[in-house]
Amino acid sequence: MSEVSTATTGKYSIESEKLNLWYGSFQALFDVDLRIKKGIITSMIGPSGCGKSTYLRSVNRINERLGYVKITGSIKVMGQNVYAEDAELVQVRKQIGMVFQRPNPLPLSIRDNIIFGHRLHTPKSEKVSVKKEDELIENSLKQVLLWDKVKDNLKRKATELSLEEQQKLCIARLLPVKPAVILMDEPCSALDPKGTAAVEELIWELRDNYTILIVTHNMAQARRASEECIFMLMGKVVEHAPTDEMFVNPEHEETADYIEGRYG
Amino acid sequence: MSNSPEINIFAESELNISNKKTEGLFRILYMMMTWLLILPVATILAILVYKGGPMISFEFLFSNPIKGMTAGGIFPALIGTVWLVSVALLFSVPLGVAAAIYLSEYAKDNWFTRMINLAIINLAGVPSIVHALFGVGAFVLFFGFGTSILAASLTLGIMTLPVVIVSSYESLQAVPMAFREACWSMGATRWQTIRRIVLPNSVSGILTGVILEVSRTTGETAPIMFTGAAFFLPYLPESVFDQTMALSLHLFVVSTQVPHVPEGLPYGVALVLIGMVLTMNAASIAFRTYLRGRKKW
Ligand SMILES: Nc1ncnc2c1ncn2[C@@H]1O[C@H](COP(=O)(O)OP(=O)(O)O)[C@@H](O)[C@H]1O
Ligand SMILES: [Mg+2]
């Protein structure tokens, strides 16, 4: 029980044990054991199809909508099993934010996009003043370094922003509901180098306040932007180590091969 | 977990509970609406089967009406309906699909195209009796087809054309633009793109429109009444220039126009009519499912 009592005060934000996942009869994850530390950025790398997205999508339980997905093993977030009987799906999703590969702003104004999640989780009886909302919006947009750009036209359609700005907005709209963990699935792969740099910078800024697990195809990005790194191959975790160590002195041959670009 | 001192961060909140209640409420509401919709259809079917079922026999289906249509069968009407629907389809499906392909794949978005679209939508709203009068004026009199299967089928075809165009257009539009661009970037012409990628991937949707059309055409009475369907004509048509009996008109006649009809007879005719529509629908749906299984996305 010692492990349990350290639950929310413990070291780890995401812990998975013997996680296996099948799409129908195809097994996509094999005994994935991971302990991802709190308050840091962890990157996840590996060739296409190795199960990175699948892992992320089982953490916030998006995969279970597909009727043919079967999962065994456990995933805990902040020490609590996300698949537990008494875990309310809506709360799980609220605590575990997700940023997708293609920016997906809602077809609403910038302002409404940012406050959307907050409104979802606020009871109707609880009147939130416009001033309070404005504060939340300003804070969120400032954290993603977008405030100066958009402060004068918050009523604009979010879908009219550039891709880079859209992706920043998608990160910003998670912040008002204060997620414990933010999952990012190749958040920069739709962006140009300048946009990538800008979003990377912002992710780096967020690391003190949030735990971030980011999937990337970009070695340089993993190296620049994360403190720990996980290398996956064909549904299995090969190596999980501090990023510097992994890139300088990988423990496994497959890791070395991948990092040096011999396949991928 | 049981003696954990921490609060459960995934615990259900008051708000979650009330949201769930709302969620449940709407679910039930929508479910009830669906049942409410099915109920009349199921009732009609049940009544038809109960009252009309005993009428159905080999003789009923395959012999002529006799004794002033108070006895005998419905064979000429059955065959007549098949003629009317087939000729109408022969006319409206190629025309409608071609128009949809033009509008979706070739036409530029300008005022002229928008006008055509508007006209099609308006055409769909024209009452069937107006189509009937148009059919009399245009096909029976002006083109001189007389009251014939041809005139009646053309009238039916014109009437259902908008349905075919609109539904075909929608299913063509549902094929992602990226597929077309991929084709063009390999040097395919528009027609090659349509023929190899767009049409094969939208044919199931187009078929849905045709199914709808078949059902409607089979049941229509007004447009054929003055253009080619006969009150009583115990012969089978030999060409499209003949008149014919039709099931829908026959149903109208035996239930309102002829005295001393046995009670079950109209129900029997209605049952055959509905049975025909349902059989055709079922066949098309099966075909559509087959096509969809072959679809690659
Ligand atoms: N919805 C799905 N249904 C069936 N198989 C899937 C589905 N999503 C992913 N897969 C398969 O699972 C494997 C892992 O996919 P994914 O997690 O998306 O890989 P990655 O994100 O590392 O590129 C792949 O082989 C992929 O084909
Ligand atoms: Mg992926």
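Me: By class, how many nonpolar, polar and charged residues does the lining of the largest pocket have?

Reply: This is a predicted model, where local features need pLDDT of at least 70, side-chain atom pairs count only at pLDDT 80 or more, and totals for chains, interfaces and linings use all residues. Residues are numbered from 1 along each chain, chains are lettered from A and ligands numbered from 1 as written, and side-chain values use heavy atoms, without hydrogens and water. The lining has 13 nonpolar, nine polar and seven charged residues. Ala, Val, Leu, Ile, Met, Phe, Trp, Tyr, Cys and Pro count as nonpolar, Asp, Glu, Lys and Arg as charged, and the others, Gly among them, as polar.

Me: How do I read a pocket, and what volume does the largest pocket have?

Reply: Rolling a probe the size of a water molecule over the atoms shows where empty space is left. A pocket is an open set of points on a 1 Å grid over the protein atoms alone, where a 1.4 Å probe fits, with protein on both sides within 12 Å along at least five of seven lines; lining residues have an atom within 4 Å of a point. The volume, the space filled by probe spheres set on points joined across faces, edges and corners, is about 970 Å³ for the largest pocket.

Me: Which residues lie nearest the centre of the largest pocket?

Reply: A:Val90, A:Arg93, A:Lys94, A:Leu120 and A:His121, out of 29 lining residues.

Me: What is the volume of the second largest pocket?

Reply: About 280 Å³. Of its 14 lining residues, those closest to the centre include A:Arg119 and A:Glu126. Its lining has four nonpolar, five polar and five charged residues.
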